[in-house]
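Biologist: Please take a close look at one strand and its surroundings. Which partners does the strand have, and what do the aromatic rings around there do?

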Amino acid sequence: MLKKAVVGIFTIVVMCLGTETMGQDYQTGVGLRLGVSNGLTVKHFISDRAALEGILHTRWSGLVITGLYEVHQEIPEVSGLFWFYGGGAHLGTWNGNRGNPSWPDNQNGYTIFGIDGIIGLDYKFAEVPIGLSFDYKPAYNISDVSRFWGAELALSIRYVF
């Protein structure tokens, strides 16, 4: 069941990447996400105001993939600056063998699945193909270690085209 859902989501993302729509001053951005968890980010606009973002990042000595749908709103006072909000889901693994007392069993690894929200600012420089995003991305794990994780602040630096 989970495998079919992941394949379905991947198919939708690939189909959307083939569209020729434009959001902000760019269509697609690829880069680094730096914060509580570090990783790679890809953002692709599927309409003037809507984007899909994929994040592959590390957390608790594991690897997590997150997919988000984001709505962008222009801030008219600053050219190239938008604020955005949205949500999505994550799937990954964490290594429980960290000596961290918040884990139910410090000797085991965990498979995690959950839901994510996101709110932030996105800025595209006018003269260079660079975009910056600063966001807050809280998450709630539904499986294994079920709890709210609210410490996700990050800066994303993307090459945009």
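Modeller: Strand β1 pairs with strand β10 (residues 153-160) in the antiparallel sense, over 7 bridges. Strands pair here if DSSP finds at least two bridges between them. Strands are DSSP runs of E with at least two residues, helices are runs of H or I with at least four, and both are numbered from the N terminus. Leu32 stands opposite Ile157 in β10. In β2, Leu32 has Leu40 as its bridge partner. β1 and β2 run antiparallel and are joined by 6 bridges. A hairpin of 3 residues links β1 to β2.

This is a predicted model: local features need pLDDT of at least 70, side-chain atom pairs count only at pLDDT 80 or more, and totals for chains, interfaces and linings use all residues. Residues are numbered from 1 along each chain as its sequence is written, and side-chain values use heavy atoms, without hydrogens and water.

Now the rings. Rings of Phe, Tyr and Trp (its six-membered ring) pair if their centres lie within 6.5 Å; planes under 30 degrees apart are stacked, over 60 edge-to-face, the rest tilted. The count is 4 aromatic pairs. One of them is Tyr26 with Phe45, edge-to-face, with 5.3 Å centre to centre and 85° between the planes. Tyr26 lies in the loop between α1 (2-17) and β1 (28-35) and Phe45 in strand β2 (residues 39-45), so the pair ties together parts 19 residues apart in sequence. Tyr26 is buried, at 2% relative accessible area. Phe45 is buried too, at 0%. Buried means under 20%, exposed over 50%, partly exposed in between (1.4 Å probe, protein chains only).
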